[in-house]
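Please read this short report with the sequence and the 3D view side by side.

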Amino acid sequence: DLDLSIKDGFLIICGHKAETIDGGAYQISERRFGRFERAVPLPSHVDRTRIDARLESGVLVITLPKKTGAASPGEKVQIHG
């Protein structure tokens, strides 16, 4: 159970994982259960209207596309002199 939202420049990921009980003789569980929430700061060059999220084999994949014409943060500046 997942919920994604944007608030005050943060991508908020909230969810709840229910505890599953196996009817067998024993069960091994290495994952937590319960409610969780994470807040990830969004860079200013992200186009918030085109953010995409999908589940792929139990993994949440979030795509944060750049705004059109946004300069890449790693551009080099030539020094003259």
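Asp-47 touches Pro-65, Lys-66 and Lys-67, leaving aside residues up to four places away in sequence. A contact here means heavy atoms within 4.5 Å. Asp-47 sits in the loop between β3 and β4. Is Asp-47 buried or exposed? Asp-47 is buried, because its relative accessible area is 16%. The cut-offs are these: buried is under 20% relative accessible area, exposed is over 50%, and partly exposed lies in between (1.4 Å probe, protein chains only).

This is a predicted model, in which local features need pLDDT of at least 70, side-chain atom pairs count only at pLDDT 80 or more, and totals for chains, interfaces and linings use all residues. Residues are numbered from 1 along each chain as its sequence is written, and side-chain values use heavy atoms, with hydrogens and water left out.

**The chain as a whole**

The protein chain has 5 strands and 0 helices. Along the sequence, the pattern reads β-β-β-β-β. Both kinds of element are DSSP runs numbered from the N terminus: helices are H or I with at least four residues, strands are E with at least two. Of the 81 residues in the protein chain, 12% are buried. The accessible surface of the chain comes to about 7,200 Å². Carbon and sulfur atoms hold 51% of that surface. These areas come from the Shrake-Rupley method with a 1.4 Å probe; for residues, only the protein chains shown count as cover. Now take the contacts in the chain with a separation of 6 or more: 32% of them link residues 24 or more positions apart.

**The sheet of β1, β2 and β3**

An open sheet is formed by 3 strands in the order β1-β2-β3, with antiparallel pairing. Its edge strands are β1 and β3 (34-41), and each pairs on one side only. On average, neighbouring strands of this sheet are turned by 15° against each other, direction ignored. Such angles run from 0 to 180 degrees between N-to-C directions, and the axes are lines fitted to C-alpha atoms, for helices over the stretch in contact. Two strands count as paired if DSSP finds at least two bridges between them.

How many bridges join each pair of strands? The table gives the counts, each with one pair of facing residues.

| Strand pair | Bridges | Facing residues |
|---|---|---|
| β1 and β2, antiparallel | 6 bridges | Ser-5 and Ile-12 |
| β2 and β3, antiparallel | 8 bridges | Ile-13 and Arg-38 |
| β4 and β5, antiparallel | 5 bridges | Leu-55 and Leu-60 |

In a regular strand, side chains alternate between the two faces of the sheet. Keep that in mind when you follow a strand in the 3D view.

**Two hairpin turns**

Most residues other than glycine have a negative phi. Which residue takes a positive phi in the hairpin of β1 and β2? Asp-8 does, with a value near 50°. This hairpin has 2 residues between the strands. Asp-8 lies in the loop between β1 (2-7) and β2 (10-17). Asp-8 counts as exposed because its relative accessibility is 69%.

Now look at the hairpin of β4 and β5, with 2 residues between the strands. Here Ser-57 has a positive phi near 55°, and Ser-57 is not a glycine. Its place is the loop between β4 (52-56) and β5 (59-63). With a relative accessibility of 81%, Ser-57 counts as exposed.
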